[in-house]
Amino acid sequence: MAARDPSDDSLYPIAVLIDELKNEDVQQRLNSIKKLSTIALALGVERTRTELIPFLTETIYDEDEVLLALAEQLGQFTTLVGGPEFVDCLLPPLESLATVEETVVRDKAVDSLRLISSEHSTGDLELRFVPLVQRLATGDWFTARTSACGLFSVCYPRVSATFKADLRNHFRSLCQDDTPMVRRAATCKLGEFAKVVEVEYLKSDLIPMFVNLAQDEQDSVRLLAVEACVSIATLLAQEDVEQLVMPTLRKCTIDSSWRVRYMVADKFTELQKAVGTEITKSDLVPAFQSLLKDSEAEVRAAAAHKVRDFCQNLDAYQKEEIIMKNILPFVKELVTDPNQHVKSALASVIMGLSPILGKHNTIEHLLPLFLLQLKDECPEVRLNIISNLDCVNEVIGIQQLSQSLLPAIVELAEDTKWRVRLAIIEYMPLLAGQLGVDFFDEKLNSLCMSWLLDHVYAIREAATLNLKKLVEKFGADWACNTVIPKIQFMARDHNYLHRMTCLFSINVLAGVCGPEITEKLMLPTVIEMAFDSVANVRFNVAKTLQKISPVLDPNVIQTQVKPVLDQLNTDSDVDVKYFASEAIAGIADKKITIKTEKEEEIANCTNETNEG
């Protein structure tokens, strides 16, 4: 038999890759791309450079997910091609990928190019990487030009003055491109590029670009200029910001497009930090007022979200005066805004004004607003107020809080509309955590227990789950002293629905109270109710016994639970018998599981002993 040619073995990985990349199944091609690093290792660095990379460059035409995987893989290929010295061989395939139609593929190719740019020496950067950027920046298709925008900032700091001037010129051309997509991409990267450009060229070259983009005919370009404004303002001295940036920013705050105004509102606190306290007082406070009363709800909501942070960042010596005179009147109007998203946004931050304004102003000016929001028809507004009560509690104290806000909460808890009552129940554990156990017992405990007797089933069900969360928060001892005695009393209520609620409460409390409390305090109540005159109660006894059995000791189940279930299994009511038999079977299955687990544990211990 003829000897096998060794060269066949060395060609095998490439042959397999070619076959898989030509496979009709996209998933098969995708898998082969994901294994590129393995194939490169098999080939070695030289053949990876001379065969694999050229092959990949020539065959870049596939489904987007395959190209995306390839773009990602190539960014991690530096060591596989021989290290930084040979990293330039990765540029051709990535350049091709940076020009494809699909945005996510181009973005990933740019990410990989940015990664490998740091691997280039200064000489290679000027010789190979910068020409790539220039080719992309002057490409015929907008796809190439958009990709180029993300590469300027990574190569600019490391090249000579001549190349820097050329890069700035190319970036200027992209900012003035006829295609809106290219101008958007350039605007998006303007702030990043500004951070690496020398201050003199920032003022002479990039600021004019920023001003033009902020006045672009496309609002999608103008709104991105607002983001660039933040980066540029942080790089300039105070007087330069006033002279070069603020005229443009003032125009953005009253832009005809609500999307641009929304972006200003969204970036407002970042702009505030960038421009400093003096410009904030003279320019941003009036601008903020304008945004808070904007005609578009989305803009008002974005500005409302920033109220607390904006006020917090004001000049410490004038903070209170500026808020009381210039901000609070507009905040008062937003409390009754017709749009629920605006009211919700404000409610999420308004409590944060309390520590800023102090006790007197909180009591006089903010508490009336909180009361209005607590009674708002939108549940999210109410939740946001209740969620942040601790901010107010720290400032005005629990006594003042109980006299002002808690009556409103209690009023809502007793509302004639059951959905309003349900909303307050859901907030109660949160409120309890903020007020503490002593205050809760004094003011709200009786309210929580009264919900268990509500005439609406959804309220009674929510009240039992509320009890579970409260016990998780306050502990089992609190449950023994406060909750369980009242539940035991319900077992003798004349209304059978209340007796069933007693069982439902035990169902949820057993798990959080633990075996000892369940066995001593709750199990006797359940067993007593097995003799109830109403069949619905009796079959719920069977269901409860099955539910709490995992918490109970096996001996207790055998001596106390099983006899009761056996008795219910002979009940005259068919439903009681059914649920009793289900409970018996369920508990038996549980015992078998426990037994099997114990047998395995004993067997493992025996094996360990024998091995020892």
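Me: What should the 15 residues of helix 7 span at 1.5 Å a residue?

Reply: First, this is a predicted model: local features need pLDDT of at least 70, side-chain atom pairs count only at pLDDT 80 or more, and totals for chains, interfaces and linings use all residues. Residues are numbered from 1 along each chain as its sequence is written, and side-chain values use heavy atoms, with hydrogens and water left out. Helices are DSSP runs (H or I, at least four residues), numbered from the N terminus. The expected span is 1.5 Å times one less than the number of residues. Helix 7 (residues 103-117) should therefore span 21 Å, and its end C-alpha atoms are 21 Å apart, which agrees.

Me: Which residues of helix 7 are buried?

Reply: Buried means under 20% relative accessible area (1.4 Å probe, protein chains only). In helix 7 that covers Val 105, Arg 106, Ala 109, Val 110, Ser 112, Leu 113, Ile 116 and Ser 117. Seen down the helix 7 axis, they fall within an arc of 165° (taken from the directions from the axis to the C-beta atoms), so they line one face of the helix.

Me: What do the buried residues of helix 7 pack against?

Reply: Contact means heavy atoms within 4.5 Å. The partners include helix 5 (64-74), helix 8 (122-137) and helix 9 (142-149).

Me: Is Arg 168 buried or exposed?

Reply: Arg 168, in helix 11 (residues 161-175), counts as buried at 6% relative accessibility. Beyond residues up to four places away in sequence, Arg 168 touches Glu 198 and Asp 205, among others.

Conventions:
Helix = DSSP H or I, 4+ residues; strand = E, 2+ residues; numbered from the N terminus. Buried < 20%, exposed > 50% of the residue type's maximum accessible area, 1.4 Å probe, protein only.
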